[in-house]
Amino acid sequence: MKRQAPYSFGGIQIAAGERMTVDLPMARLYTHSEVTLPVHVIHGKQSGPTLFVSAAIHGDEINGVEIIRRLLGSKSMSRIKGTLLAVPVVNPFGFIQRSRYLPDRRDLNRSFPGSPTGSLASRIAHLFMKEIVTRSTHGIDIHSGSNYRTNLPQIRTSLDDDENMRLTKAFGAPMVIHSHLRDGSLRAAVADHGIPVLLYEAGEALYFNDPAIRSGVRGALNIMRAIGMLTPSRSSKKQEPVISRTTNWVRAPRSGVFFKQRLLGSLVYQGDQLGVINDPLGDESEAVLAPFTGVIIGQQTLPLVHEGDALVNLAKVADLGEAEETLDEYASTLTEEDFGLER
Ligand SMILES: [Zn+2]
């Protein structure tokens, strides 16, 4: 196959078979210091697709940052066809402040496709669209749960799009949740360009979740195989993910201190006890029960709850036996330490 032409990015030429971190000017801090969007470009020797992998659009969602770091360290990066655009920190302002938002509290993931004259969030969104999305043929955007919530590794996508479903299955996350495009999100803006994009949800904001990180690295490599950037692996045995179209948060029936009794990824039956809300004085307690049979795909990690707070995110699944098998298989890939890390 023919060698690729050099890749021109951010005013820099990257030769075929080379890799480089390019800092795209973004904005200044009011201290005068410049803030940049760091992009690691791996330009393969041979031509192929262009995949972007992005994280920390919500600045406190750091599992994706670690996923990209490990992905870039993978030996197979020297063999890719096409071009990888890795953007581990899309929202450096939030990342510095350990915050989901921009300094003015705007949500970057509601500001796409953005504009060069809009708010800071809107300008960053525009920069990302112009420099990353319009050059890409495929995308993976990585998120984590917010507000003391943790998510079972899951892909959120439209189940009604064939190419998205093919890639979703290739990714290999244990769970797939049907989700509509949300106005202003990167996913919606990328979909508007006709580019297949997967949203991977992993763990909790501001904490590392090792199984979610490992699952994400594996998933990104699987996508690179599925779109022809890497040679497919010989072991093609792949577990089908558990698919759900309906999810519901179970809310706190009263205020108190929540003691959870089920792990993320558990299959629970209607009426099963998910945990107990206790009065701090020990006077009163109330059990929280599963309103329907499903899989725990998200959980509040902070035990302090007001009535009405979302405690457990349950996903309805069609085939319970199949779901159990897949989740057991996933759990078998976890180490004892992973369970210890479960907060
Ligand atoms: Zn997010």
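**Group meeting: strands, a zinc site and salt bridges**

I'll open with one side-chain pair. Glu-204 and Thr-301 make a polar contact through their side chains, at 2.9 Å. Keep in mind that this is a predicted model.

Stay with Glu-204 for a moment. Where does it sit? Glu-204 belongs to strand S10, residues 197-204. Is Glu-204 buried or exposed? Its relative accessible area is 4%, so Glu-204 counts as buried. One distance for orientation. Met-129 is 75 residues from Glu-204 along the chain. The C-alpha atoms of Met-129 and Glu-204 are 26 Å apart.

Next, the zinc ion. Which residues donate to it? The protein donors are His-58 through ND1, Glu-61 through two OE entries, and His-143 through ND1. They lie 2.0 to 2.5 Å from the zinc ion. Along the sequence, the donor residues follow the spacing H-x2-E-x81-H. Now the geometry. The 4 donor atoms give angles of 57 to 150°. The site is classed as irregular.

Now the strands. Start with S19, residues 310-316. How many of its 7 residues are buried? The count is 6, so the rest of the structure largely encloses strand S19.

What pairs with S19? One partner is strand S12, residues 246-251. S12 and S19 run antiparallel, joined by 6 bridges. In that pairing, Arg-251 has Ala-310 of S19 as its bridge partner. Strand S17, residues 294-300, also pairs with S19. That pairing is antiparallel too, over 4 bridges. Here Gln-299 stands opposite Val-312 of S19.

On to an open sheet. It has 4 strands, in the order S16-S15-S13-S18, with antiparallel pairing. Which strands stand at the edges? Those are S16, residues 285-289, and S18, residues 304-305. Each has a single partner strand, so one side of each has no neighbour in the sheet. Look at the S18 end. Strand S13, residues 256-260, pairs with S18 in the antiparallel sense over 2 bridges. Gly-256 has Val-305 of S18 as its bridge partner.

Now a loop residue, Ser-179. You'll find Ser-179 in the loop between strand S9, 175-178, and helix H5, 186-192. Its relative accessible area is 15%, so Ser-179 counts as buried. What does Ser-179 touch? Leaving out residues up to four places away in sequence, its contacts are Arg-156, Thr-157, Ser-158 and Arg-187.

Last topic: charges. Side chains of opposite charge can pair when their charged atoms come close. How many salt bridges does a search of the whole structure find? The total is 14.

Pair one is Asp-104 with Arg-106. Their side chains form a salt bridge at 2.9 Å, N to O. Asp-104 is partly exposed, at 40% relative accessibility. Arg-106 is partly exposed as well, at 43%.

Pair two is Glu-131 with Lys-130. This salt bridge is 3.4 Å, N to O. Lys-130 is partly exposed, with a relative accessible area of 47%. Glu-131, on the other hand, is buried at 15%.

Arg-254 is buried, with a relative accessible area of 18%. Glu-284 is partly exposed, at 45%.

And the network. Which residues does it join? Salt bridges that share partners link Glu-66, Arg-69, Arg-70, Asp-210 and Arg-214.

First, the irregular zinc site with its 4 donor atoms. Second, strand S19, with 6 of 7 residues buried.

Notes
Residues are numbered from 1 along each chain as its sequence is written. This is a predicted model: local features need pLDDT of at least 70, side-chain atom pairs count only at pLDDT 80 or more; totals for chains, interfaces and linings use all residues. Side-chain values use heavy atoms; hydrogens and water are left out. Buried means under 20% relative accessible area, exposed over 50%, partly exposed in between (1.4 Å probe, protein chains only). Two strands pair if DSSP finds at least two bridges between them. Donors are N, O and S atoms within 2.8 Å of the metal (3.2 Å for Na, K and Ca); water is not among the atoms, so sites may look incomplete. Four donors count as tetrahedral if all angles lie between 85 and 135 degrees; four count as square planar and six as octahedral if opposite donors are over 155 degrees apart and all others between 65 and 115; anything else is irregular. Contact means heavy atoms within 4.5 Å. A salt bridge is a side-chain nitrogen of Lys or Arg within 4 Å of a carboxyl oxygen of Asp or Glu. A polar contact is a pair of N or O atoms within 3.5 Å; within protein, one must be able to donate a hydrogen and the other to accept it, and residues adjacent in sequence count only if both atoms are side-chain atoms.
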